[in-house]
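Good morning, and thank you for coming. I would like to take you through one protein model, starting from its overall plan and ending with a few individual side chains. Please keep the sequence and the structure in view as I speak.

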Amino acid sequence: MEASIHPSVAVDILTGFGLHHLIFRHGEWDFAGPLLAAKLILIGVPALLISLGVAWICGQTATLFNYLYSCIKHGTITLTAMTFSILCYRWRFHPLRGFQGPPGARLSNAYIMWKTAKSPMGFEMIRHYHERYGDFVRV
């Protein structure tokens, strides 16, 4: 049996990679991303209701469940592909990839915030990183 990707899934994956390379690669989006996703949901729900209304006017028997399932499925595939693209870029292709540091710091700014929030002596951790990795540390 031959495995193949459905064309709509391929479009979702390409959309995720495209969003990363055209929008999210410029700047740091670690903490703005969830807010942006919430705004997209606020736009997506009215768009869903409008498309339901159009389907009802045209006499199609589409149900709300089918539309919701489709939106969630395609949104999840797109966000997963975008996240994968962002993580691969930060790990292997980012301009700062040559600087040493903890592996988690390569992927997100959330790493250092999480580590310093866990310990009231965050400056000691940074000093330890400098001792371990040298004068320039990617955190």
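Let me begin with a term: two residues are in contact when they have heavy atoms within 4.5 Å. What you see is a predicted model, in which local features need pLDDT of at least 70 and side-chain atom pairs count only at pLDDT 80 or more, while totals for chains, interfaces and linings use all residues. Residues are numbered from 1 along each chain as its sequence is written, and side-chain values use heavy atoms, with hydrogens and water left out.

First, the overall plan. The protein has six helices and zero strands; here helices (H or I, at least four residues) and strands (E, at least two) are DSSP runs, numbered from the N terminus. Along the sequence the pattern reads α-α-α-α-α-α. Of the contacts with a separation of 6 or more, 60% join residues 24 or more positions apart.

How much of the protein is buried? Of its 139 residues, 22% are buried. Buried means under 20% relative accessible area, exposed means over 50%, and partly exposed lies in between, with a 1.4 Å probe and protein chains only.

The buried residues of α1 are Asp 12, Gly 16, His 20 and Phe 24.

Next, the core. A nonpolar core is a set of buried Ala, Val, Leu, Ile, Met, Phe, Trp, Tyr and Cys residues joined through side-chain atoms within 4.5 Å. Which residues form the largest nonpolar core? They are six: Ala 105, Tyr 111, Ile 112, Met 125, Tyr 129 and Val 137. Helices α5 (110-118) and α6 each give two or more residues to this core.

Now the rings. A pair of aromatic rings is described by the distance of the centres and the angle of the planes. The structure holds two aromatic pairs. Why is the pair of Tyr 129 and Tyr 133 called tilted? Their ring centres are 6.2 Å apart and their planes meet at 50 degrees, so the pair is tilted. Rings of Phe, Tyr and Trp (its six-membered ring) pair if their centres lie within 6.5 Å; planes under 30 degrees apart count as stacked, over 60 as edge-to-face and the rest as tilted. Because Tyr 129 and Tyr 133 are four residues apart in helix α6 (residues 122-133), about one helical turn separates them.

Finally, Arg 90 in helix α3 (residues 64-93). Arg 90 counts as buried because its relative accessible area is 11%. Its side chain reaches the backbone oxygen of Leu 107 at 2.6 Å.

Notes:
A polar contact is a pair of N or O atoms within 3.5 Å; within protein, one must be able to donate a hydrogen and the other to accept it, and residues adjacent in sequence count only if both atoms are side-chain atoms.
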